[in-house]
Amino acid sequence: MTSFCVLKLLCQTTRNETRYAKRFCGTLLSRTTQKGVFSPFWMALPDTTKTNVLVFTQPFCTAEKSRKDPKRKAAFGSVGRRIPYRILHVINQDGESLGEMHRAEALRLMDEHDLKLVLLRENAEPPVYRLMTGRQIHEEKLKRAEKEKASSKTVLVQKELSFSSAIAKNDLETKTKQITQWIEKKYHVKVTIRQAKDNNTDMFTLFDQILGTVSDKATYLSKPKAIKEGMSTCILRHMSDKELKAYQKMEKQKNSTVKKDENEEAESSELH
């Protein structure tokens with residue numbers, strides 16, 4: 001009786017182990033089949049007729065290897081010894097072509113003359129490299145920076161103001177201050193004035209009045225003109241350094257003339 005109980009207990013234990021092994025293997029498989037990739041793990045293979053055996057599975061992937069993203073174009077400068085091409089077209093430090101050669105020969109020339117290799121044209125066949133000194137590289141970088149700066153277009157900002165010819169004096173002063181701030185930032189300012197009903201104020205007089213307040217900074221880019229009946233516009237811009245110097249010189253001469261006339265009037269009044 002005792003032997004029968006022990007045998008039954010052993011059979012039950014074996015069935016439980018097999019069931020748990022199946023559950024364990026199923027869990028591992030469900031976790032490792034994502035994206036078609038199987039990571040290394042110890043997997044139990046249950047067999048009802050044989051003893052359970054642990055087998056080490058190697059990793060594998062059914063998906064294609066993803067290609068690396070293309071590298072950004074390297075900045076102008078020495079490439080060191082990192083040359084992915086076997087045959088190069090080499091130019092020496094004086095700008096003369098040395099023809100095509102193996103990269104090992106180009107590196108030998110670089111080391112022999114204590115120079116640096118710089119990639120000029122990667123899309124050429126074969127790619128073009130130049131032997132340069134550190135000073136030449138520095139000067140070329142400065143030239144390229146200046147060229148890039150010159151080629152970049154300056155974005156001109158234009159602000160707009162619109163008001164009626166019947167504008168109150170304090171409101172006009174407020175708008176004039178706003179125009180002055182924009183002019184100091186070197187913005188273009190488009191001013192549009194609408195002729196108010198039952199108002200005889202000359203719109204062109206208002207334009208000249210506005211320009212008079214910023215005459216030491218601005219001038220007309222587009223002179224006042226009528227764009228349609230009852231509406232006129234103009235565009236103000238910041239004066240260039242040359243125009244500003246000419247304006248300051250003219251003002252100085254004007255003040256000198258006025259002061260001279262005042263002195264003459266004072267002298268003539270003393271004589272009388």
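View 1. Val-90 has its bridge partner, Gly-99, over in strand 6. Strands here are DSSP runs of E with at least two residues, helices are runs of H or I with at least four, and both are numbered from the N terminus. This is a predicted model, so to speak: local features need pLDDT of at least 70, side-chain atom pairs count only at pLDDT 80 or more, and totals for chains, interfaces and linings use all residues. Residues are numbered from 1 along each chain as its sequence is written, and side-chain values use heavy atoms, with hydrogens and water left out. Five bridges hold strand 5 and strand 6 in an antiparallel pair; two strands pair if DSSP finds at least two bridges between them. Five residues sit between the strands of this hairpin, and Gly-95 takes a positive phi near 90°.

**View 2. Asn-92 in the loop.** Look between strand 5 (87–91) and strand 6 (97–102) and you'll find Asn-92 in the loop. Why does Asn-92 count as buried? Because its relative accessibility is 11%, and buried means under 20% relative accessible area, exposed over 50%, partly exposed in between (1.4 Å probe, protein chains only). The Asn-92 side chain reaches the backbone nitrogen of Glu-96 at 2.7 Å. Setting aside residues up to four places away in sequence, Asn-92 touches Leu-98, Arg-130 and Leu-131, where contact means heavy atoms within 4.5 Å.

**View 3. The four-stranded sheet.** Strand 5 also runs parallel to strand 8 (residues 128–132), joined by three bridges, and Ile-91 stands opposite Arg-130 there. The open sheet has four strands in the order 6-5-8-7, with mixed pairing. Strand 6 and strand 7 (116–121) are the edges, each pairing on one side only. From one strand to the next, the twist averages 35°. Helix 2 (residues 103–112) lies across strand 5, strand 6, strand 7 and strand 8, at about 125° to strand 6; axes are lines fitted to C-alpha atoms, for helices over the stretch in contact, with angles from 0 to 180 degrees between N-to-C directions.

**View 4. Phe-163 in the largest nonpolar core.** Phe-163 is among the residues touching the most other members of this 20-residue core, a set of buried Ala, Val, Leu, Ile, Met, Phe, Trp, Tyr and Cys residues joined through side-chain atoms within 4.5 Å. Helix 5 gives the largest share, five residues. Beyond its neighbours within four places in sequence, Phe-163 contacts residues including Leu-172, Val-191 and Ile-210.

Note on methods. A polar contact is a pair of N or O atoms within 3.5 Å; within protein, one must be able to donate a hydrogen and the other to accept it, and residues adjacent in sequence count only if both atoms are side-chain atoms.
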